[in-house]
Amino acid sequence: MDLGEMMLSLWESTGFASSTWQNYVMLLISFVLFYLAIARKFEPLLLVPIAFGMLLANIPGAHDVLYESPLTTYTEEFDDNGALLGYEATYVRTGGLFYYLSKGVEWVIFPPLIFLGIGAMTDFGPLIANPKSLLLGAGAQLGIFVALALGFLAFDSAALAASVAIIGGADGPTAIYVTTVLGQTDSLGAIAIAAYSYMALIPAIQPPIMKLLTTKEERRIKMKQLRNVSRTEKIVFPIVVIVLCGLLLPSAIPLLGMLMLGNLLKECLVTDRLAQTASNGLCNVITILLGSCVGFKAYGEVFLNPNTLFIILLGLTAFAFGTAGGVLIAKFMNLFLKEKINPLIGSAGVSAVPMAARVSQIEGQKEVPDNYLLMHAMGPNVAGVIGSAVAAGILIAMFG
């Protein structure tokens with residue numbers, strides 16, 4: 001092989017020779033996600049792994065290497081007398097790193113394990129102390145069903161419409177779970193990235209909607225301190241939820257079951273080590289693996305198409321209607337309540353814990369600096385986690 005052939009072979013092995021414009025667009029998108037996560041601190045625990053997975057997938061030439069690994073096998077060759085003539089080399093492809101890591105997504109292992117960690121970190125006390133919060137969490141699921149109706153008009157597949165609609169629950173693991181169970185893995189990257197991105201952008205998306213739907217007087221409403229919740233109530237709660245939801249909607253059990261198991265480990269006070277593992281080490285590991293695998297699904301040639309753009313827009317619509325649904329339910333309840341609810345806490349009925357509750361607190365304090373809505377907002381916020389899992393079970397039961 002002369003020098004020219006060697007240089008040509010070297011060039012062909014570089015990413016520049018095999019790159020497409022889609023790769024470079026996706027690299028720019030990954031840089032934007034890095035900026036939002038690191039500089040703006042928008043859900044960095046989620047966006048950094050997603051952005052890095054996207055970066056790896058779209059480095060020209062790297063996708064196949066990371067998803068498939070070359071393996072050389074040798075076959076012995078013999079003559080008619082049985083004498084060894086030599087070896088024949090055969091090159092085959094086997095699964096690479098992300099091929100095997102992605103099985104945790106494809107086999108719907110990672111999302112329930114994330115729910116285990118969420119349960120171990122969640123205090124359902126505000127919800128138990130104010131059961132009316134369940135209605136706010138239910139109202140915030142409006143976005144899911146509005147997007148579902150629009151999805152029927154936009155997509156030929158009802159399963160795809162359901163997968164996109166679940167973005168309105170503002171719960172990334174639930175979106176991944178529904179999309180995978182319904183067999184819409186080709187759209188998984190777009191759906192998951194839209195869900196996680198909107199979760200991260202809650203401080204930018206929700207406040208304009210909250211202000212549009214409430215008056216100044218409503219935003220200034222102060223709420224009484226919540227009652228103390230006993231340890232017994234906190235222990236009984238996850239068991240009761242599982243029994244009731246299991247009987248009514250078994251398809252929601254994989255997510256709800258892990259959520260309530262994690263919470264029971266936390267609240268029973270005899271499994272502290274398990275609760276700490278679930279909420280720290282295990283949850284962190286699964287977050288890294290899940291996020292990077294989701295980002296890796298955003299391969300330019302698959303991701304950049306008109307369908308993806310529509311998924312992102314429909315997801316934003318679902319998220320906006322989810323925020324509006326919680327606020328409007330709170331306003332409706334105030335028509336019948338002596339002790340009024342500050343409608344701002346209704347926006348926390350989406351599943352993004354605790355970011356949505358913090359936004360309610362911040363917006364309330366803009367009107368009245370000493371108005372503390374955080375614990376009140378945590379009620380609908382954790383109700384939204386349950387609500388999104390129930391909505392996922394309904395969609396799976398209907399379209400699975």
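**View 1. Contact between helix H17 and helix H18.** Arg231, Lys234, Ile235, Phe237, Pro238, Ile239, Val241, Ile242, Cys245 and Gly246 of H17 meet Ile253, Leu256, Gly257, Met260, Asn263, Leu264 and Glu267 of H18. Contact means heavy atoms within 4.5 Å. By class, this contact has 11 nonpolar, 3 polar and 3 charged residues. Ala, Val, Leu, Ile, Met, Phe, Trp, Tyr, Cys and Pro count as nonpolar, Asp, Glu, Lys and Arg as charged, and the others, Gly among them, as polar. The model is predicted: local features need pLDDT of at least 70, side-chain atom pairs count only at pLDDT 80 or more, and totals for chains, interfaces and linings use all residues. Residues are numbered from 1 along each chain as its sequence is written, and side-chain values use heavy atoms, without hydrogens or water.

**View 2. Axes of H17 and H18.** The axes of H17 (residues 231-248) and H18 (residues 253-267) come within 9 Å and cross at roughly 165°. Axes are lines fitted to C-alpha atoms, for helices over the stretch in contact, with angles from 0 to 180 degrees between N-to-C directions. H17 and H18 are therefore roughly antiparallel (angles over 145 degrees). Their crossing is left-handed: the near helix is turned anticlockwise from the far one by less than a right angle. Helices are DSSP runs (H or I, at least four residues), numbered from the N terminus.

**View 3. The largest pocket.** This pocket holds about 800 Å³ of space. A pocket is an open set of points on a 1 Å grid over the protein atoms alone, where a 1.4 Å probe fits, with protein on both sides within 12 Å along at least five of seven lines; lining residues have an atom within 4 Å of a point. The volume is the space filled by probe spheres set on the points, which are joined across faces, edges and corners. Of 35 lining residues, Glu43, Ile118, Met121, Val353 and Pro354 are the closest to the centre. H19 gives the largest share of the lining, 7 residues. The lining divides into 23 nonpolar, 7 polar and 5 charged residues.

**View 4. Backbone at Glu43 and Pro354.** The peptide bond from Val353 to Pro354 is cis, with omega near -5°. Pro354 sits in the loop between H21 (306-334) and H22. Glu43 is not a glycine, yet has a positive phi of about 45°. Its loop joins H3 (21-39) and H4. Most residues other than glycine have a negative phi, and most peptide bonds are trans.

**View 5. Surroundings of Phe399.** Phe399 lies in H23. Leaving aside residues up to four places away in sequence, Phe399 touches Leu148, Phe152, Ala158, Ala159, Ala162 and Leu182.

Key: Helix = DSSP H or I, 4+ residues; strand = E, 2+ residues; numbered from the N terminus. Parallel < 35°, antiparallel > 145°, perpendicular 65-115°, else oblique.
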